[in-house]
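Student: I have a protein model open and I want to learn to read it. Can you take me through it feature by feature?

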Amino acid sequence: MIKYNDYGILYSFGAKEMLGIILAGGNGTRFAGKGCCKPLLQINGKYLIEYALDNLISMKVDKALVVVGKYEADIKAALGDSYRGVEIGYAVQDAPMGCIHALYCALPYWKGETVLLFLGDEIFCDFDATAVSKIGDADFACGYTVAENEESVKENYSIYCAGKSNRLVRCEEKATIVHNNKKGTGFCIFNSACIRLLKERYAYAGDHFVSLSDYMNNLIADGKKGLAIEIAREEININTTQKLQYAKKLFGKRTEK
């Protein structure tokens, strides 16, 4: 029997045809000038990666795959094999070679599901769990937040859409010049056709893996329909101690309400 979850998404995989993948394989070498396991940094009594898991739960996903690397043992010890009823599996990224390499390392565990992608060192304020319902007939979607300034957009990637629509035309990694306030994030949705193309053709560019932006640009060039979806009030990539303190202050205020 065909079943759908609360947001109208078809599911059948064990429980659902959506797989949450959290990328947590980095070495954290840019944080405070030394390596650390950023996903296990604590923000008001919770690991940073737990916020991504909470977002997956809010979207009714009951299985998550965490891509781990240098800090594999630490993350496994902290999370175990489940979180609030969500089954957790692990894939190993043998070297920190970027998001698409990490996603590629997860492919042996992929069974054809739609993928909900999160970064283990990124946190969202007022995350919109209904984002999965907005993809409609599109093949993929990238989440964005409305940035306060140009420099904030440059930290991640710029998003360009067709006219006033949300139809994705192009993404640009760490753009030197930006033309709007759409700040691309690590949260993305990819249907099975997009993941299959990653597996078959899109992983490499010369001798290295493409960026997340280039992967989406490749999908667009191949005729896949992409959407830009506003998915939170604010995004914070925890790559400095200042941003960690800002997140603690921001989420501390929210906890007090």
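Student: Where is Arg84 placed?
Tutor: Arg84 sits in the loop between β7 (82-83) and β8 (86-92). Strands are DSSP runs of E with at least two residues, helices are runs of H or I with at least four, and both are numbered from the N terminus. This is a predicted model, in which local features need pLDDT of at least 70, side-chain atom pairs count only at pLDDT 80 or more, and totals for chains, interfaces and linings use all residues. Residues are numbered from 1 along each chain as its sequence is written, and side-chain values use heavy atoms, with hydrogens and water left out.

Student: What is phi like at Arg84?
Tutor: Phi of Arg84 is near 50°, a positive value in a residue other than glycine.

Student: Is Arg84 buried or exposed?
Tutor: Start with the cut-offs. Buried means under 20% relative accessible area, exposed means over 50%, and partly exposed lies in between (1.4 Å probe, protein chains only). Arg84 has a relative accessible area of 58%, so Arg84 is exposed.

Student: Which value does phi of Lys60 take?
Tutor: Phi of Lys60 is near 70°, and Lys60 is a residue other than glycine with a positive value. Lys60 lies in the loop between α1 (48-58) and β6 (63-68). Its relative accessibility is 31%, so Lys60 counts as partly exposed.

Student: What about the glycine after α6?
Tutor: Gly223 follows α6, and its phi is positive, near 90°. Helix α6 itself spans residues 212-221. Its buried residues include Leu212, Tyr215, Met216 and Leu219. Ser213 and Asn217 of α6 are buried too.

Student: How many salt bridges are there?
Tutor: The rule asks for a side-chain nitrogen of Lys or Arg within 4 Å of a carboxyl oxygen of Asp or Glu. By this rule the count is 13.

Student: Which residues make one of them, with N and O 2.8 Å apart?
Tutor: Glu72 and Lys76 do, with 2.8 Å between their closest N and O atoms. Both belong to helix α2 (residues 72-79). They are four residues apart there, so about one helical turn separates them. Glu72 is partly exposed at 24%, and Lys76 is partly exposed at 34%.

Student: How do I read the salt bridge of Glu172 and Arg170?
Tutor: Read the N to O distance, which is 3.0 Å for these side chains. Then read the accessibility. Glu172 counts as partly exposed at 26%, and Arg170 counts as partly exposed at 36%.
Tutor: Salt bridges can also share partners. Here, such bridges join Lys46, Asp54 and Arg84 into one network. Within it, the side chains of Lys46 and Asp54 meet at 2.3 Å, N to O. Lys46 is partly exposed at 24%, whereas Asp54 is buried at 15%.

Student: How are two packed helices described?
Tutor: They are described by the angle between their axes and the distance between the axes. An axis is a line fitted to C-alpha atoms, for helices over the stretch in contact, and the angle runs from 0 to 180 degrees between N-to-C directions. Take helix α3 (residues 99-106) and helix α5 (residues 192-202). Their axes come within 10 Å and cross at roughly 100°. That makes α3 roughly perpendicular to α5. Angles of 65 to 115 degrees count as roughly perpendicular, under 35 as roughly parallel, over 145 as roughly antiparallel, and the rest as oblique.

Student: Which residues make the contact of α3 and α5?
Tutor: Contact means heavy atoms within 4.5 Å. From α3 come Ile100, Leu103 and Tyr104, and from α5 come Ile195, Leu198 and Lys199. They divide into five nonpolar, no polar and one charged. Nonpolar covers Ala, Val, Leu, Ile, Met, Phe, Trp, Tyr, Cys and Pro; charged covers Asp, Glu, Lys and Arg; the others, Gly among them, are polar.

Student: Is His101 buried or exposed?
Tutor: His101 is buried, at 6%. This residue is in helix α3. Leaving aside residues up to four places away in sequence, His101 touches Gln93, Asp94, Ala95 and Phe209.
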